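Here is a short briefing to read with the model open beside you. Take a look at the fold, then follow the points below.

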Amino acid sequence: MDTKKKQFQLFKITLIFSLLFSFVPTSFAEIKQAIKFCGDGGGWPPYTYKKDGEVIGYDVDVLNAILGPKNIKYTIAMPVWKRCVEGTKIGLYDAALSATFSEERKRNFIFTDSYYSLTPVYIYSKKQFPDGLQISNVKDLEKYHLCGVHGFNYDGVGLDSNRVDRSAKSFNQLVMKTVAGRCQVFVTHYEIMIGFKIEQGVDYLSQGVLITKTIPGAPTNDNFILISKEYPQAKQLKEILDTGVVKLRKSGQLKKFLEGYE
């Protein structure tokens with residue numbers, strides 16, 4: 001092969017490699033800056049909550065297991081939940097932890113795959129309803145003055161969030177309103193009630209005033225991480241988190257993380 005042919009072949013090889021690497025998506029560049037997560041500042045034990053000034057919980061365990069080996073740094077802010085969600089939407093935060101599904105959120109965020117599920121329950125005051133409530137399905141709850149927490153989404157349980165009185169600024173305030181008779185019933189999750197008791201020593205059911213019942217026919221409520229569409233590496237972050245959750249689930253580590261809080 002003469003010199004010109006060799007040069008031409010070398011040129012073709014160089015061109016092919018140049019074209020190949022030019023099509024590598026920029027979204028898959030290395031994540032160098034710390035990812036800014038946020039969680040519910042009112043506490044969402046055992047998933048995300050503060051203890052002695054430090055944010056801990058299942059969410060932290062999952063993030064450490066997935067991001068740690070990749071040397072990806074992150075922070076977790078704990079504003080009120082509505083501010084966390086709205087801040088993530090506009091890019092103030094890169095992602096919001098422990099969020100449920102709604103059509104509105106589907107339009108505004110990139111969802112990861114689900115990484116845990118919760119059991120929906122309704123809670124009422126025995127003082128108001130000594131004989132209990134007549135609930136045969138989730139829609140029956142809307143017959144009562146149904147309350148929730150400001151900014152929370154109840155669509156995933158099968159309710160219309162717009163028909164829920166969400167004036168309570170925190171879970172504790174929601175409980176106090178129900179005990180005081182200003183709410184007839186509220187919806188939450190069994191695991192969260194247990195989380196408050198085990199992780200924070202707050203047993204809302206210990207006085208026998210509040211009664212907890214499972215919601216007939218209600219599915220478990222899947223939880224996701226909402227990634228901001230304003231985050232430049234949103235697609236890459238989703239792939240990293242989804243792939244990591246699959247591995248943790250297959251290895252049984254997700255279950256072990258949760259068992260550590262029982």
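Keep in mind that this is a predicted model.

**Lys-139 and its surroundings**
- Lys-139 is partly exposed, at a relative accessible area of 42%.
- Setting aside neighbours within four places in sequence, Lys-139 contacts Gly-158, Leu-159 and Asp-160.
- Between Lys-139 and Ile-215 there are 9.8 Å from C-alpha to C-alpha, though they are 76 residues apart in sequence.

**Helix α3**
- In α3 (residues 81-90), the buried residues are Trp-81, Cys-84, Val-85, Gly-87 and Thr-88.
- These residues span an arc of only 165° around the axis, so they lie on the same side of α3.
- Elements covering them include β1 (35-38), β5 (95-99), α4 (103-108), β6 (109-111) and β13 (221-228).
- On the face turned away from the buried side, you will find the exposed residues Arg-83 and Ile-90.
- Gly-91 follows α3 and has a positive phi, near 95°.

**The largest pocket**
- This pocket holds about 440 Å³ of space.
- Its lining has 19 residues, with Lys-82, Glu-104, Arg-105, Gly-151 and Arg-166 nearest the centre.
- α3 and α4 are the elements that give two or more residues to this lining.
- By class, the lining comprises three nonpolar, seven polar and nine charged residues.

**The second largest pocket**
- Here the space is about 290 Å³.
- Among its 16 lining residues, Pro-46, Tyr-47, Glu-191, Leu-258 and Glu-262 are closest to the centre.
- α6 (190-200) gives the largest share of this lining, five residues.
- The lining divides into 10 nonpolar, one polar and five charged residues.

Methods:
Residues numbered from 1 in each chain as written. Predicted model: local features only at pLDDT ≥ 70, side-chain atom pairs only at ≥ 80, totals over all residues. Heavy atoms only, no water. Buried < 20%, exposed > 50% of the residue type's maximum accessible area, 1.4 Å probe, protein only. Helix = DSSP H or I, 4+ residues; strand = E, 2+ residues; numbered from the N terminus. Arc of directions from axis to C-beta. Contact = heavy atoms within 4.5 Å. 1 Å grid on protein atoms, 1.4 Å probe; cavity = no way out; pocket = protein on both sides within 12 Å on 5 of 7 lines; lining within 4 Å. Points joined across faces, edges and corners; volume = space filled by probe spheres on them. Nonpolar A, V, L, I, M, F, W, Y, C, P; charged D, E, K, R; others polar.
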